[in-house]
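Take a look at the structure below. A short walk through some of its features follows.

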Amino acid sequence: MRGVILLLTAMMILPCMDAIAKYMAVERGMSPAQVAFYRFFFQLVATLPMLLRLGGPKALVPQRPWYNMLRGVLLAAASLFFFVSVKYMPLADVFAIYFVEPFILTCLSALILGEKVGWRRWLAIGIGFFGAMIVIQPSFQAFGLTALMPVACAFLFACYLLMNRASGAADSPLAMQTFAGVGGTLFMAATIAVGHGMGAADFVPSLPHTPLGWGLVIALGTISGYGHLMVVKAFQAAPASVLAPLHYFEIIAATVLGYLVFGEFPTASKWLGVAIIVGSGLFMIWRERRQPAH
């Protein structure tokens, strides 16, 4: 249950990061790749001082630096797909498509980690996935190939979460998150250089032009760093197959933020989908609490 509580808290906080990314891209004209760079750079700035304070200079030499930096690369690539998506699509729609991720994660957990997933959990995940499809009402005619970007994000993020679960206790969650920030920052710097060199509009480098802009990109990285730190701790406390459906709760915060910040009000069918998603997640928590008694 500690893992469940940590993940639910993170799911309420992390959509704020995506709302900031959309605001910077749509209202401030910053390219999604540049937003993704600031997300990882300021994540590193936010977590490094605490790492040094808690672990001292020796904390700068993790047990598995390349492993943690690879996590950062996966997360950076996932973030890039997501930030490009939210620039062009409603926030709630992107989240709804992205919610194929728990299904992908559960499949990977069963196949790679050998975690047991009972038929009731499979059914709950399937129902939650159906609810996500009701929310999005997919239309490739409306969004084209852009609608596939949240799916790519979901697969990469599922791989990232699987690495969290498989990593064990070789490094502290704070060290893992700090060095993921290093990997993500380096990857995004290289990606911007290549993308801008090819003339892609979504990879143009830039600086924030106002104090508000600077404040938002700093907040972006800080929310990212400590939000994903909670995700790491959650997956160290509970099996991935149990936590996977709880990611559906992220759509609640995304829907509220989409309405408050961008005026994207969901239709009645989308509210029905959200209800199905939440019901699925609550059922999974109920099953996990009942199991020890049987």
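Is Arg 71 buried or exposed? This is a predicted model, and in it Arg 71 has a relative accessible area of 0%. Buried means under 20%, so Arg 71 is buried. Arg 71 sits in helix 3, which covers residues 65-88. Its contacts, leaving aside residues up to four places away in sequence, are Tyr 160, Met 163, Asn 164, Met 176, Gln 177, Ala 180 and Val 232.

Now turn to charged pairs. Side chains of opposite charge can pair when their charged atoms come close. The count here is 2 salt bridges. One joins Asp 202 and Lys 87, at 2.9 Å from N to O. This pair links distant parts of the chain, 115 residues apart. Lys 87 lies in helix 3, while Asp 202 is in the loop between helix 9 (173-197) and helix 10 (211-237). Asp 202 is buried, at 13% relative accessible area. Lys 87 is partly exposed, at 25%.

Glu 264 and Lys 22 form a salt bridge too, at 3.6 Å from N to O. They are 242 residues apart. Glu 264 is in the loop between helix 12 (250-262) and helix 13 (268-290). Lys 22 belongs to helix 1. Lys 22 is buried, with a relative accessible area of 5%.

Helix 1 itself deserves a look. It runs over residues 2-26, 25 residues in total. At 1.5 Å a residue it should span 36 Å, and its end C-alpha atoms are 37 Å apart, so the two values agree. Helix 1 also bends by about 25° at Met 11. A proline, Pro 15, follows within four residues.

Terms used. Residues numbered from 1 in each chain as written. Predicted model: local features only at pLDDT ≥ 70, side-chain atom pairs only at ≥ 80, totals over all residues. Heavy atoms only, no water. Helix = DSSP H or I, 4+ residues; strand = E, 2+ residues; numbered from the N terminus. Expected span 1.5 Å × (residues − 1). Bend = angle between axes of the 7 residues up to and from the residue. Buried < 20%, exposed > 50% of the residue type's maximum accessible area, 1.4 Å probe, protein only. Contact = heavy atoms within 4.5 Å. Salt bridge = Lys/Arg side-chain N within 4 Å of Asp/Glu carboxyl O.
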